[in-house]
Amino acid sequence: MTGFTLLEHTADIGIVATGASLEEALAWLAKGMFSLLVEPSTIAATSARQVSVEARNRESLVVGWLNELLYLYEVTGFLLKECRVVLPEPGRLEAVCRGELLDPSRHQVQTVIKGATYHHLEVSGNPGAAEWRIQVILDV
Amino acid sequence: MAWREVLKKLEGNRWELPQSYKAGMRVPGMVFADEALLEVIAEDQALEQVANVAFLPGIVGYSLAMPDIHWGYGFPIGGVAATAVDQGGVVSPGGVGFDINCGVRLLRTDLTEAEVRPRLKELVATLFSQVPTGLGGGGRLSLSPQEIDQVLRQGAGWAVKHGFGVPEDLEVTEEGGCIAGADPAAVGERPKTRGGPQLGTVGSGNHFLEVQVVDQVLYPEAAQAMGLSQVGQVAVIIHCGSRGLGHQVCTDFLKLIEAASDRYGFHLPDRQLAAVPVNSPEGQSYMGAMQAAANFAWANRQCLAHWTRLAFEQVFGRSWTELGMRQVYDVSHNLARLEEHVVNGQSMTLCVHRKGATRAFPAGRTEVPLQYRHIGQPVLIPGDMGRYSFLAVAGDKALERSFGSTCHGAGRAESRTKAKKLLRGRDLKKELEEQGIIVMAHGWASLAEEAPLAYKDVADVMRVADEAGLSRPVARLRPMGVIKG
């Protein structure tokens, strides 16, 4: 199974993303986060952005990835529709993200996401595993 | 988890979580709740978080939980922890949260419900257009990088200097609207780029602006001092924080401190609790950045209060001073502050983290503005948009029991997703309108997530805080109009 689901949390909201590889799970995680901001069907993949993240371990890389996308969104209005993630070496993530800039006449922003947290952060899977799973709690 | 078997009941709605509950706790936990509230609290993981906070190096007294405690990330929301600065005590960005200096401001008016009711729809619509939520766009201000640095240094004073309000507002704002020690350089570029354009916006989530009416006066002497002593009197409450600037300060420092926490050899049960000694280079840098973000939040609420007054002027055709729109008070409920407290008979400097908790300093403390020093610090406790909020005052046991802290709101009872599920197909806006509450919000979802049924009854929280001596109710206010991001 690949994709994402939303997780119940009393005050905030969690995302669980799964994929056949860690890269794929990271891509679903990003899509899950943007689904909270704007209805995904209203986002067109008309422009691209390159995103790079460095971190000292896998968990920090996951948090850093989401926080980098949030920063990009809040500063430029970039809404992610889809992305391709590669992990060229441990602690480094490179992604090509496709989407478009926020247009208030077409996109209804549903919430503000303040940040991705380390609380109950889980990354499971091993090289060669058939399924990878990431769980992140966001402060909304 | 059978929490009942773990917790030790004490008088005054207090429950002790023994230090022996979990190896590594440096102090016991203390939860302020009655039987009924405890039942709700025990449903999620908030009590486990109280235990986790007790691991923080240098923590003194108790890891405290206010009556509105609920599951947060790292710290519980409603959590208070004080660390002894001179004994290696730490500061934890997770104990402040992403929304640094999220807080509440209350404006009084001389208007009565009878005067406002016929114009309510127009008033709410005017507020909605005058006071930007900032969703899907920036605010009304455009600041240069130099000006943003001035905001970070001067806080609400910057806004007053630029015509948003009057100096008297600062006298009734915690820290005078400007906390000492702010270091704009420590904030860095990213928070300023992200949050700078958002100055003067409300945001979304549980942030709001509400027109309310006093429906009960419970402590006339204090109500008199605060200028809200008449049943039927209209007031405005504003709840928001430091927007993207604070969020990014937290994001950037979490990354830094999460790594540094390991270097200091701290073993904490949740990475979101990552901490460094207050007196360390990283700790000092975080304190300077957090204080700067706190000032940004006070400037933000100052601007919003100003536009609120202008909206009232527009609708009622009189100046805001003629309408009696003085500020009652402005409190922060997400902050770590250096304060002097007496612990085991010794006076010491503590770094008091209040994460979803309000400072409540009693009568006589020099931090309390002169006009309130005889009654104690005002405390603003908003409830949900369908019921009521409380204006309160610090209780006589707050200093000794909670480092001068009390609750900050009703506390969530249901998750956002659950609230939406429960309300599917219902026209919440119309239901509230039938109760006489006019709401304007950005979409159904943001409204449903904050629906009354998602929250505990703030009256229960208020009563427990009162019985525990943390804060005493002064007046109850009922919502009339709400704007939300």
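**A tour of chains A and B**

Select A:G77 to begin: this glycine follows α2(A) and has a positive phi, near 85°. The model on screen is predicted.

Now take the helix itself, residues 58-76 of chain A.

The C-alpha trace of chain B spans about 60 × 50 × 50 Å along its principal axes. Of the 485 residues in chain B, 63% are buried. Counting contacts in chain B between residues at least 6 apart in sequence, 77% join residues at least 24 apart.

Select strand β5, residues 77-84 of chain B. Eight of its eight residues are buried. On one pairing, β5(B) runs antiparallel to strand β4 (residues 59-70) of chain B, over five bridges; B:A65 stands opposite B:G79 in β5(B). The hairpin of β4(B) and β5(B) has six residues between the strands, and B:G74 there takes a positive phi near 75°. Another pairing joins β5(B) to strand β13 (residues 346-355) of chain B, also antiparallel, through six bridges.

Move to the largest nonpolar core. Which of its 170 residues touch the most other members? They are B:V31, B:M290, B:A293 and B:L391. Helix α13 (residues 281-316) of chain B gives the most to this core, with 17 residues. Centre on B:M290: leaving aside residues up to four places away in sequence, it touches B:V96, B:I100, B:V249 and B:A336. Apart from this core lies another, of 48 residues, including A:V63, A:L69, A:L80 and A:I137.

Finish at the contact between the chains, which takes 39 residues from chain B and 31 residues from chain A. On the side of chain B that touches chain A, α10 (189-195), α12 (243-263), α15 (416-423) and α17 (444-449) of chain B each supply at least two residues. Select α12(B) here, as it gives the most to that side, with eight residues. Coloured by class, the side of chain B that touches chain A shows eight nonpolar, 20 polar and eleven charged residues.

Terms used. Residues numbered from 1 in each chain as written. Chains lettered and ligands numbered in written order. Predicted model: local features only at pLDDT ≥ 70, side-chain atom pairs only at ≥ 80, totals over all residues. Contact = placed C-beta atoms within 7 Å. Helix = DSSP H or I, 4+ residues; strand = E, 2+ residues; numbered from the N terminus. Nonpolar A, V, L, I, M, F, W, Y, C, P; charged D, E, K, R; others polar. Buried ≥ 20, exposed ≤ 12 C-beta atoms within 10 Å, placed from the backbone. Core = buried A, V, L, I, M, F, W, Y, C linked by C-beta atoms within 7 Å. Pairing = 2+ DSSP bridges.
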